[in-house]
Amino acid sequence: MGAGINMQSSAKTVPAYLKEVPAERKAALKQLRDLCRATLTGFKESMEYGGPCYSRNGVVEVGFASQKHFIGLYILRTDVMKTHEHLLKGKGISHGKGCIRYSKPERIDFNVVESMLRATAESISVVC
């Protein structure tokens, strides 16, 4: 694990990655993985950029990671982020162009995540 805010993992597989995350985040990260695997049919799971990623046709569209101060969920389809932006508000939640930051695992609304994953699977818009 690297130091600082960007805590990229050197794990080679997603199960190995999940074994090394902090205990208090393990259940939420496993749930994110399960949702990705169930929803993103036809996507390839891999370890890229130090965290689990899901790609289609060689292009990463979704990822997640346990960072130093937050859990990051990376939704890289621009249209999906724009249409779900109004649902990404509240204490301990912030977002940028393609990243949603959750200060604590319990801040994650898995219904919203599932909706974003379904929209990603259907999207053909620009990847940021």
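Buried means under 20% relative accessible area, exposed over 50%, and partly exposed in between, for a 1.4 Å probe and protein chains only. At 34% relative accessibility, Ser 103 therefore counts as partly exposed. The model is predicted: local features need pLDDT of at least 70, side-chain atom pairs count only at pLDDT 80 or more, and totals for chains, interfaces and linings use all residues. Residues are numbered from 1 along each chain as its sequence is written, and side-chain values use heavy atoms, with hydrogens and water left out.

Ser 103 sits in the loop between β6 and α4. Helices (H or I, at least four residues) and strands (E, at least two) are DSSP runs, numbered from the N terminus. Ser 103 touches His 69, Phe 70 and Gly 92, not counting residues up to four places away in sequence. Contact here means heavy atoms within 4.5 Å. Ser 103 and Ile 71 are 32 residues apart in sequence, yet their C-alpha atoms are 6.5 Å apart in space.

The sheet comes next. Its six strands form an open sheet in the order β1-β2-β3-β4-β6-β5, with antiparallel pairing. β1 (44-48) and β5 (93-95) stand at the edges; each has a single partner strand, so one side of each is left without a neighbour in the sheet. From one strand to the next, the twist averages 20°. Two strands pair if DSSP finds at least two bridges between them. β2 and β3 pair in the antiparallel sense over four bridges. Tyr 54 stands opposite Val 62 in β3.

Two helices pack on the sheet. α2 touches β1, β2, β3 and β4, and its direction makes about 165° with that of β3. α4 touches β2, β3, β4 and β6, and its direction makes about 30° with that of β4. For these angles, axes are lines fitted to C-alpha atoms, for helices over the stretch in contact, and values run from 0 to 180 degrees between N-to-C directions.

The expected span of a helix is 1.5 Å times one less than its number of residues. The 13 residues of α4 (residues 110-122) should therefore span 18 Å, and its end C-alpha atoms are 18 Å apart, which agrees. Phe 110, Val 112, Val 113, Met 116, Leu 117 and Thr 120 are buried in α4. Seen down the helix axis, the buried residues of α4 fall within an arc of 155°, so they line one face. The arc is that of the directions from the helix axis to the C-beta atoms. Cover for these residues includes α2 (23-39), β2 (51-56), β3 (59-66), β4 (71-75), α3 (78-84) and β6 (99-102). On the other side of α4, Asn 111 and Glu 122 are exposed. At the start of α4, a side-chain oxygen of Asp 109 reaches to within 3.0 Å of the backbone nitrogen of Asn 111.

Gln 67 lies between β3 and β4 and counts as buried at 8% relative accessibility. A polar contact of 3.1 Å joins the side chains of Gln 67 and Tyr 74. Such a contact is a pair of N or O atoms within 3.5 Å; within protein, one must be able to donate a hydrogen and the other to accept it, and residues adjacent in sequence count only if both atoms are side-chain atoms. Tyr 49, in the loop between β1 and β2, is exposed at 66% relative accessibility. Tyr 49 has a positive phi of about 55° although it is not a glycine. Asn 57 is found in the loop between β2 and β3. Asn 57 is not a glycine, yet has a positive phi of about 55°. Its relative accessible area is 78%, so Asn 57 is exposed.
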